[in-house]
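Grab a pencil and keep the structure open beside you. Here are some exercises, each with a solution you can follow step by step.

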Amino acid sequence: MVVLSNNDGCAVARSSEAKLAGVRMGEPWHLARQRSEVRAAKVEWLSSNYALYGDMSRRMYEVLAARVPRVEPYSIDEMFLDLDTPRDAALLAVELRAAVRRIAKIPTCVGIGPTKTIAKLANAVAKGDPTLEGVCDLRDETRRARLYEAMPIAEVWGVGGKTAEKLAAIGVSTVARFIALPSREARRMLTVVGLRVQAELQGVSCLPLSMSPPPRKALAVTRCFGRPVTCWAEMREAGSAHAVRAGEKLRAAGLVASRMAVFLHTDPHSGDAWYSAQHAGRIEATDDARALAAEAVRMLRPLWRDGYRYMKVGVMLDDLQDKAAEPLGMFVSQDLGRSTALMTAMDRVNARYGRGMVRPLAVGLTQPWRTRAGRLTQRYTTRVEEIMAATAM
Amino acid sequence: MGRKQEFEGDPIYDGSNTTGFVSPAGDALEGPVDLSALLDLRRPHRYPVRVLGEALVERGIYPGDVLIADTAAQPVHGHVAIIMLQGEVLVAQIAFRDGQWWMRPGQGRSDLVPLAGEETEIWAVVVALVRPRV
């Protein structure tokens with residue numbers, strides 16, 4: 001089984017059977033599915049069901065937050081926990097894992113360490129070795145030292161493939177070798193990040209738990225179309241829709257944007273004629289859906305060329321500032337009070353009745369270009385008409 | 001797009017903004033009762049489950065009922081539970097006998113089904129029931 005990304009494009013989650021059949025992480029599914037091993041293994045696919053995953057992530061967080069002093073939700077399926085309690089951390093880890101399994105029904109692994117980087121590494125060890133029963137404790141320095149001897153440096157959080165290649169070129173392929181690297185060298189090759197990784201691997205914490213996400217500097221809304229777009233009316237709708245969604249994200253964070261970038265392109269893998277164009281520029285600082293949609297369309301129009309089969313359009317916002325901190329005089333052509341009142345009302349209605357219930361008409365009514373989700377599982381926990389069914393016996 | 005939900009009644013009058021006399025209820029508006037609070041649906045261990053079939057009518061559980069299943073609750077002999085039986089989702093009475101859990105099917109059938117083996121577990125215990133239309 002594989003689960004595909006937005007638009008049923010690439011494999012973003014794989015069962016162990018799919019991994020054995022050779023489906024790679026992030027691989028385009030339309031390519032992978034043609035290989036004989038993948039066909040022979042009868043790998044099934046599903047669309048991403050983010051409504052369900054988001055709710056299950058919430059459940060996992062709440063199970064953990066009720067049992068440890070602090071939880072940092074790092075990604076939809078990874079959380080850093082503060083295990084500093086009177087209880088033994090390893091015993092607590094076993095209980096946490098059992099509670100998440102029983103209550104949220106999610107199998108997990110727990111990695112324990114004095115720093116985030118070691119905890120991540122311990123987690124990877126637990127995941128890779130079923131005999132550990134889901135928990136790996138790397139608090140002990142001698143155990144770490146033994147493990148580091150053979151552990152490839154590429155396994156370490158924050159060390160990307162390119163960095164690992166650079167290090168391999170000078171004979172540094174294991175964690176032990178990387179730690180032995182003089183800090184000047186580490187800094188020269190990997191900047192300050194290298195120094196931080198070195199310190200973290202040695203048990204010196206440089207990355208404290210943070211309970212709230214860092215302030216956003218930029219945000220992007222980009223989507224592939226469900227099928228190629230060949231007319232401007234549809235491109236205009238899609239660009240507007242992305243801008244409107246970007247506006248929702250801005251307002252949720254209490255920000256305004258004063259710079260926008262847009263791009264569009266055709267499909268590089270399909271054999272269609274290639275065309276790609278982008279434009280960026282300043283806009284009047286705003287969080288208003290209408291203004292953002294108008295700016296996006298204004299920027300996209302000159303990029304449009306008839307005769308191409310477009311696959312993707314994106315809208316990016318940056319130069320984000322706190323709306324509260326933004327001087328009022330910056331809003332020149334909008335009536336700020338009316339705009340804020342309208343956007344607040346729209347967001348409230350949409351929070352209550354579902355996203356897109358009220359929207360600018362510019363985003364279109366039927367949206368035939370919309371992203372595909374061909375095999376969506378039920379939204380079991382968030383939609384009353386899709387909840388789990390059980391047969392009475 | 002969004003959830004299918006209709007505004008019912010007049011969306012403007014909420015009990016306070018009267019035209020003639022100032023409403024004495026103005027400072028006390030509370031909105032409709034929140035059934036998700038009553039049923040504790042925000043809790044991570046609560047899941048809604050819809051009933052298919054009539055086998056539990058004797059227990060007062062009808063097809064179309066929405067059960068609230070609790071995955072943190074301890075199973076109790078004689079209670080109704082959501083059961084995974086070889087990957088199938090069932091709702092039935094459970095029994096503890098001879099040191100293990102069994103499913104006790106209703107409607108006069110007396111054969112106990114052992115809850116052991118592959119993809120078989122007591123998934124959650126039923127703790128509440130919602131019947132949207134009586």
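Before you start, one definition: two strands count as paired if DSSP finds at least two bridges between them. Also keep in mind that this is a predicted model.

**Exercise 1. Find how strand β12 of chain A and β4(B) pair, and how many bridges join them.**

Step 1: Go to residues 388–392 of chain A, which make up strand β12.
Step 2: Look across to β4(B) and count 2 bridges. The cut-off is at least two bridges, so β12 of chain A and β4(B) do pair.
Step 3: Check the direction: the pairing is parallel.
Step 4: For a landmark, take A:Thr391, which sits opposite B:Leu90 in β4(B).

**Exercise 2. Describe the side of chain B that touches chain A.**

Step 1: Count who takes part: 28 residues come from chain B and 21 from chain A.
Step 2: Look for the strands. On chain B's side, β1 (46–52) and β4 (88–97) each supply at least two residues.
Step 3: Which element gives the most to this side? That's β1(B), with 6 residues.
Step 4: Sort chain B's residues by type, and you get 19 nonpolar, 6 polar and 3 charged.

**Exercise 3. Work out the order of the strands in the open sheet of 4 strands in chain A, and say what packs on it.**

Step 1: Read across the sheet in chain A: the order is β8-β11-β9-β10, with antiparallel pairing.
Step 2: Find the edges. In chain A, β8 (218–229) and β10 (276–286) each pair on one side only, which makes them the edge strands.
Step 3: In chain A, β9 (residues 255–266) and β11 (residues 310–322) are joined by 11 bridges. One example is A:Phe263, whose bridge partner in β11(A) is A:Gly314.
Step 4: Helix α11 of chain A (residues 232–253) lies across β8, β9 and β11 of chain A, at about 30° to β11(A). Helix α12 of chain A (residues 289–300) packs on the sheet too, touching β9, β10 and β11 of chain A, and its direction makes about 40° with that of β9(A).

**Exercise 4. Trace the hairpin formed by β1(A) and β2(A).**

Step 1: Locate the strands in chain A: β1 is residues 2–4 and β2 is residues 11–14.
Step 2: Count 3 bridges, in the antiparallel sense. One bridge partner to spot is A:Ala13 in β2(A), which goes with A:Val3.
Step 3: Follow the 6 residues between the strands. In the turn, A:Asn7 has a positive phi of about 70°.

Key:
Residues numbered from 1 in each chain as written. Chains lettered and ligands numbered in written order. Predicted model: local features only at pLDDT ≥ 70, side-chain atom pairs only at ≥ 80, totals over all residues. Contact = placed C-beta atoms within 7 Å. Axes fitted to C-alpha atoms, helices over the stretch in contact; angles between N-to-C directions. Nonpolar A, V, L, I, M, F, W, Y, C, P; charged D, E, K, R; others polar.
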